[in-house]
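I opened a notebook page for this model and went through it topic by topic. The entries below follow the order in which I looked things up.

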Amino acid sequence: MGVFAAVGVLLPFPYYYWLWTNPQAWVNLCGKDKNPSKVMSYVSHFLKLLQFISLFSVSTLSWPPPLYFWPLFGFGQFLNFSLGLLTLAVAACQVYQLLGESGTYYGVRFGKNIPWVTEFPFGVIQDPQYVGSILSLFACLSWTPFQYILLWTLGYVFMIYVESKEDPATRAKPIS
């Protein structure tokens, strides 16, 4: 396994973990005039770009993809997007549409009041943004070695676990 590719695939997860477990530090770092969710989205997109570069560095692309690609990738994208953009590269649009930027990028941890969403896919699938991304990753198995897909998936599973243990008492207080 290429060390640089493995590190690149795992790169965003320590950042997400730190934000989830230290929301007040992030709010303070962003300051009074910046939306911490928006700043998180900028950093997350940059880390996602590095993650993709790492994955592509060990991938072998060929066309056409195997038949299993289409249902996995299609449903994964459906859960994540509704605009037809590549899910892993940008962010989860279906999810993003329902939650908005602050709901997608830890706004509740940064002290924002985010309404609980129960409509599809949230009322049917737990953590649909992660499930959609994992399905999309597994769709790419014919191009990318399994160990990198597994590493990325383990990162998502780790964050599902971390986010499931949310303690409301540890949420940030907005800077006034």
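Predicted model: local features only at pLDDT ≥ 70, side-chain atom pairs only at ≥ 80, totals over all residues.

**Entry: overall make-up**

I listed the secondary structure and found nine helices and zero strands. Reading along the sequence, I wrote the pattern down as α-α-α-α-α-α-α-α-α. I then looked up burial for the chain of 176 residues, and 44% of them are buried.

**Entry: α2 against α4**

I took helix α2 (residues 12-21) and helix α4 (residues 36-57) and looked up how their axes run. The axes come within 10 Å and cross at roughly 160°. An angle over 145 degrees counts as roughly antiparallel, so α2 is roughly antiparallel to α4. The crossing of α2 past α4 is left-handed.

Next I listed the residues in contact. From α2 I have Pro-12, Phe-13, Tyr-15, Tyr-16 and Leu-19. On the α4 side they meet Val-39, Met-40, Val-43, Ser-44, Leu-47, Lys-48 and Gln-51. I sorted the residues of this α2 and α4 contact by type and got nine nonpolar, two polar and one charged.

**Entry: α4 against α9**

The axes of α4 and α9 come within 11 Å and cross at roughly 155°. That makes α4 roughly antiparallel to α9 as well. I recorded the crossing of α4 past α9 as right-handed.

In this contact α4 supplies Lys-48, Gln-51, Phe-52 and Leu-55. From α9 come Tyr-148, Trp-152 and Tyr-156. By type, the residues of the α4 and α9 contact are five nonpolar, one polar and one charged. I also marked that Lys-48 and Gln-51 of α4 are listed both in the contact with α2 and in the contact with α9.

**Entry: aromatic pairs**

How many aromatic pairs does a search of the whole structure find? I got 14. A pair of aromatic rings is described by the distance of the centres and the angle of the planes, and I looked up both values for two pairs.

For Phe-13 and Tyr-156 the ring centres are 5.6 Å apart and the planes stand at 85°. Planes over 60 degrees apart count as edge-to-face, so I filed the pair of Phe-13 and Tyr-156 as edge-to-face. I checked burial for both, and Phe-13 and Tyr-156 are each buried.

The other pair is Phe-69 with Trp-70, with 4.8 Å from centre to centre and 90° between the planes. I filed the pair of Phe-69 and Trp-70 as edge-to-face too. Phe-69 has a relative accessibility of 5% and counts as buried. Trp-70, with a relative accessible area of 43%, is partly exposed.

**Entry: a cis peptide bond**

Which residues does a cis peptide bond join? I found it between Trp-63 and Pro-64, with omega at about -5°. I placed Pro-64 in the loop between α4 and α5 (69-80).

Technical notes:
Residues numbered from 1 in each chain as written. Heavy atoms only, no water. Axes fitted to C-alpha atoms, helices over the stretch in contact; angles between N-to-C directions. Helix = DSSP H or I, 4+ residues; strand = E, 2+ residues; numbered from the N terminus. Parallel < 35°, antiparallel > 145°, perpendicular 65-115°, else oblique. Left-handed = near helix turned anticlockwise from the far one by under 90°. Contact = heavy atoms within 4.5 Å. Nonpolar A, V, L, I, M, F, W, Y, C, P; charged D, E, K, R; others polar. Phe/Tyr/Trp six-rings, centres within 6.5 Å; stacked < 30°, edge-to-face > 60°. Buried < 20%, exposed > 50% of the residue type's maximum accessible area, 1.4 Å probe, protein only.
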